[in-house]
4 protein chains.
Amino acid sequence: MINVGIVGATGYTGVELLRLLLGHPQVALKVITSRSEAGKPVADLFPNLRGHLDLAFSEPDVDSLATCDVVFFATPHGVAQSQVPDLLARGVRVIDLSADFRIRDIAIWEKWYGQPHGSPELVADAVYGLPEVNREAIRGARLIACPGCYPTSVQLGFLPLLEKGLVDPHDLIANAASGATGAGRQAKVDNLFTEVSDNFKAYGVGGHRHLPEIEQGLADIAGRDVKVTFVPHLLPINRGIHSTLYATLLDSSVDLQALYEERFANEPFVDVMPAGSLPQVRSVRGSNMCRISVFRPQGRDKVVILVAEDNLVKGASGQGVQSMNILFDLPETLGLDSPALLP
Amino acid sequence: MINVGIVGATGYTGVELLRLLLGHPQVALKVITSRSEAGKPVADLFPNLRGHLDLAFSEPDVDSLATCDVVFFATPHGVAQSQVPDLLARGVRVIDLSADFRIRDIAIWEKWYGQPHGSPELVADAVYGLPEVNREAIRGARLIACPGCYPTSVQLGFLPLLEKGLVDPHDLIANAASGATGAGRQAKVDNLFTEVSDNFKAYGVGGHRHLPEIEQGLADIAGRDVKVTFVPHLLPINRGIHSTLYATLLDSSVDLQALYEERFANEPFVDVMPAGSLPQVRSVRGSNMCRISVFRPQGRDKVVILVAEDNLVKGASGQGVQSMNILFDLPETLGLDSPALLP
Amino acid sequence: MINVGIVGATGYTGVELLRLLLGHPQVALKVITSRSEAGKPVADLFPNLRGHLDLAFSEPDVDSLATCDVVFFATPHGVAQSQVPDLLARGVRVIDLSADFRIRDIAIWEKWYGQPHGSPELVADAVYGLPEVNREAIRGARLIACPGCYPTSVQLGFLPLLEKGLVDPHDLIANAASGATGAGRQAKVDNLFTEVSDNFKAYGVGGHRHLPEIEQGLADIAGRDVKVTFVPHLLPINRGIHSTLYATLLDSSVDLQALYEERFANEPFVDVMPAGSLPQVRSVRGSNMCRISVFRPQGRDKVVILVAEDNLVKGASGQGVQSMNILFDLPETLGLDSPALLP
Amino acid sequence: MINVGIVGATGYTGVELLRLLLGHPQVALKVITSRSEAGKPVADLFPNLRGHLDLAFSEPDVDSLATCDVVFFATPHGVAQSQVPDLLARGVRVIDLSADFRIRDIAIWEKWYGQPHGSPELVADAVYGLPEVNREAIRGARLIACPGCYPTSVQLGFLPLLEKGLVDPHDLIANAASGATGAGRQAKVDNLFTEVSDNFKAYGVGGHRHLPEIEQGLADIAGRDVKVTFVPHLLPINRGIHSTLYATLLDSSVDLQALYEERFANEPFVDVMPAGSLPQVRSVRGSNMCRISVFRPQGRDKVVILVAEDNLVKGASGQGVQSMNILFDLPETLGLDSPALLP
């Protein structure tokens, strides 16, 4: 059994991580810390866990976390940076679901997140936890930076094309839409039911924090610089990200369907759908699966890639558990093989 | 392993049954029949099952179903009646999720369902599959009639009070609300997104088919005749039933909280919430749990009971699997112990 | 033209009042005050008003409000109490959408609202603004206390029965459900999209502030004391209240349909639906109409009344405008005769 | 008063047209025809109209329609083609909300709509009813082809850029999302609440009927051929279209904000939002307003235009009424000046 601790877990990523770990046959949940909720039974905050979990939130404490084999951070950015060094020093592995260690260029991180980085010396050690790209590096990591929700879908969608240099890397468009859990569990007027329901809008058009992460990841894949126009939108649903990606083909002879099927043939959590099919976000609700379709409308030179994932699972906690499985040499799908809840 | 067949399974009860059985460690899915969809892979109809299930729907066929240990019917009423006798004759146990064998009085069944009953001789053999009331009978059954979704919540809610004769049995009110999956997967204008969303209404006020089932079940519990005013409503959500029950106390000295906690102390799928708590339907989404709270507003003589369940799980397929576990002497919670998906 | 001022208007009742008054042919909007938003154009807060309204919020100021013929309060409880006396003293009429002057018994008000009443001497002067009951009193009022959203629907629903003494006044049940705008525009976790959507629950079961208002109004109608069990629920929609009312008939010979049709025959905003019809909340979205149906299920002695209204219109701002029309001797439907927005 | 007839009106475009015309001070509704619903009061089909409209649907009949000054067609494609010639011959003006007369090239129409065109000789006479482009031609028209919902938003969004030749006309991307009313009021499984809610997906990626209309309109504006990649998506809301448009700037010195503000300065139904603002579909619900924002993310050469409209109003019935106002020399905003319903 793997002894697991969680720092944070008072948000939606946290409750989803708990749900997944409770169903994982090789995990023993040991410690769940929260400064604001210390002393409260976790199931009081998340009523779906009543009867499934007896733990209460405890004060953050390195000694108790250090008894774990691995600690997940399900915290806002800035928190992991300050606590990770102590844990690593005591031999605990860390899987960070926040943005703290995703960006290699410290200056870029500091510009987009608006604060000094707390552990710049650790950034180079962090492995970007996208198994479809970095599986081998994850295996030996001590600190894993889980990708953001949007970046996961955008990178998986463009991956086969950029790896092979088949599209113009300076003309990439990522038009994405996310469920409201992506905005977290903060009490803000903008996130009220009465503001989000019956509505749809873009946001962050001038610049979203996931843009530098997306461009870093795609540049790694392409082996050269890329330019992405990224426009996120807010959906009146709880879970799900749908990315509609556009690129300009440099080589119009490529068999796109075959390219995608072959690239992801051995990936347990990427489902390339049959030609002409349309991925729906509800088909991955609660599941770690990412479904992808690829089109070339009117036979013109634009390729359109559709990507659906659950932002809380493949876009966050599920991907973290997938990395944990790799890290501890378990079957990669362990605890992650339930079908989505539909409808 | 238990070899399982399913008749029907093209509706929402069906896809939920498949999801639960796929996660059940002692089940082997052998046959899924559907006259209308024969030949089509099941995962083509329900995209959440892609990668989890290779079976295709087959034509209804007694010989192939007879190779199973148990056959579930997830069909509209009227279908099981015609096919069950052959299966029972060949030693197959049957768990019927439809209304065909729920009502013991054939005349009442025929009146409410508007057609002659196809197997009246089997009705007396059928065990009403509400484990909290009929666990021992289920253990030895060959034909289980799973309760309706509303009747499950109303019976569990009134159970402790009626068993003890604490309320007026002629003054029971069941005000209930269900998600839209309760109306099935039929192409009707009334069920369109554009008709159901942003809306709320009562229906079936003059008489709903679950009324005679509710009254039969409550009369069994009370050991005398009962009268229920039952008003169902349609919620603009997919899953979940919330019943708000009202009764007039005959004895105002009873400790309601203790009564409920004691009655359900050993029930794995009934959660009596702490005094003052409010059950939410989202806290049971995808789960077989039924959560109950009991109130006595202003200390007057009316008791108010709140009951939340997932209509597709504890209200249908999950309850069927629970009965299957009892029938085959498995741990009652096997395959049913995942927390709800929240949010 | 009537010169109108508004105090508050930063919530949903406020924006709905603005929408209605902008479409009212006899209204000139003069002043809209808000301490928190002073200086900000109103249309910056409510984007639907862009191009329709040039006013900015101003600091609360008696002198400018005193230039108005009538001032609406769209404020939390407690605010109107402190500002109304000055306005009345300067001859301005006041229509208060808050709870400050609804309850005649000061002690009861103070108990339920948890604070001392700021203008107890004015309470006796306030007219309870339910036109279907108090039309003549409204005509001559200087201070109108608009009914709460739930109390409007519950009182209209029970009105014909209690006026005639046809039901047991000690056995009334009001099971109601409201859209999320009823909880206001406050930044609370409980009101987030991610908490309210895909969900349904009761709340305030032990005691809701609308209970004493309901019981006071129904007692006035019945001419004797009444007892109501009131259970509100939260719907995952923005607008709409649906009340399902239960009462025990004392006289089973009454023609309920005729009773309701006759009582409301001349009421422009109460629509008694044809026998067997079901009112839907979407059929009144954005409209001041209240739709009612009456049933007697199974011919037993329980009567079931269904009532649908828009909580922001007939349940708040529209009813206030209706009272304003009465007060200024205008046609009662002026500015209120648009059909609901459907779907 | 203008005497108005409507053919069809059993769908959502129809009920919205009725709502708008009932509030129009210069309109008398004379005839509403429907073959399938003849004899039924219109308010029985659309409960929001109870008390507002006494008309019943009548059988389609040229003589009665010919008594009108103008007849709207709110029918599926193919119907207007067969009935319009008779009405025009009798001097009645026609405003067609369907697709029958939108495409000038008959072969293209027949290819995308899969049937022969019934009145090819009238196509050249039809005026494309987009007032922001064709106001003068609408004024003298006898047959107006109202634009489709998506084409309205896409054309208004690209208009200022293409008129001035500022972007590459062969690299236009229109990523759009529509509420479910866009799919009509047809009883199809795909349109059920249980299929659309909690979901988001693209559709028609390989080719949507609005593509040729969009390309025709944009080519007219640009004065040359254009190529558009158009990907529509289905939103789990009732009303609203949001288009996110992408183009490549040829001239990076242009002041985009000023360009848009100047182009639409005199347009009553196009609202260019302040720089940095984000149009929300709820801000136009029930309104004829179209709100537009323009961005140039990261100062690169891609321009992003955001457009929000109500698909049933500016995208259909409201735009038809706007054209009617122009046609009959009424103020263009008559009957169309209500603010949107929010929330």
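**How the terms apply to this model**

Modeller: Val281(D) lies in the loop between β11 (270-272) and β12 (290-295) of chain D, where strands are DSSP runs of E with at least two residues and helices are runs of H or I with at least four, both numbered from the N terminus. This is a predicted model, in which local features need pLDDT of at least 70 and side-chain atom pairs count only at pLDDT 80 or more, whereas totals for chains, interfaces and linings use all residues. Residues are numbered from 1 along each chain as its sequence is written, while chains are lettered from A and ligands numbered from 1 in the order in which they are written.

Colleague: Why is Val281(D) called buried?

Modeller: A residue is buried if 20 or more other C-beta atoms, placed from the backbone, lie within 10 Å of its own, exposed if 12 or fewer, and partly exposed in between; Val281(D) has 27 such atoms, so the word buried applies.

Colleague: Which residues is Val281(D) in contact with, leaving aside its neighbours within four places in sequence?

Modeller: Contact asks that two C-beta atoms, placed from the backbone, lie within 7 Å, and on that test Val281(D) meets Asn199(A), Phe200(A) and Lys201(A) as well as Gly240(D), His242(D) and Ala308(D). Leu162(D), by contrast, is 119 residues from Val281(D) in sequence and 24 Å from it in space, C-alpha to C-alpha.

Colleague: What makes up the contact of chain D with chain A?

Modeller: Chain D and chain A bring 38 residues each, and on the side of chain D at least two residues come from each of several elements, including β7 (172-178), β10 (241-248) and β13 (302-309). That side divides into 19 nonpolar, twelve polar and seven charged residues, where Ala, Val, Leu, Ile, Met, Phe, Trp, Tyr, Cys and Pro count as nonpolar, Asp, Glu, Lys and Arg as charged, and the others, Gly among them, as polar.

Colleague: Why are α8 and α10 of chain C called roughly parallel?

Modeller: Helix α8 (residues 149-163) and helix α10 (residues 210-222) of chain C pack at about 25°, their axes 9 Å apart; axes are lines fitted to C-alpha atoms, for helices over the stretch in contact, and angles run from 0 to 180 degrees between N-to-C directions. Angles under 35 degrees count as roughly parallel, over 145 as roughly antiparallel, 65 to 115 as roughly perpendicular and the rest as oblique, so the angle of about 25° makes this pair roughly parallel. The residues of this contact divide into ten nonpolar, three polar and two charged.

Colleague: And why are α8(D) and α12(D) called roughly perpendicular?

Modeller: Their axes come within 8 Å and cross at roughly 100°, a value between 65 and 115, and therefore the pair is roughly perpendicular. In this contact Cys149(D), Thr152(D) and Ser153(D) of α8(D) meet Lys314(D), Gly315(D), Ala316(D) and Gln319(D) of α12(D), giving two nonpolar, four polar and one charged residues.

Colleague: How do you know that β7 and β9 of chain C pair?

Modeller: Strands pair if DSSP finds at least two bridges between them, and β7 (residues 172-178) and β9 (residues 228-234) of chain C have seven, in the parallel sense, with Ser178(C) opposite Leu234(C). Both belong to an open, mixed sheet of seven strands in the order β8-β9-β7-β10-β13-β12-β11 (chain C).

Colleague: What makes β8 and β11 of chain C edge strands?

Modeller: Each has a single partner strand, so one side of each is left without a neighbour in the sheet.
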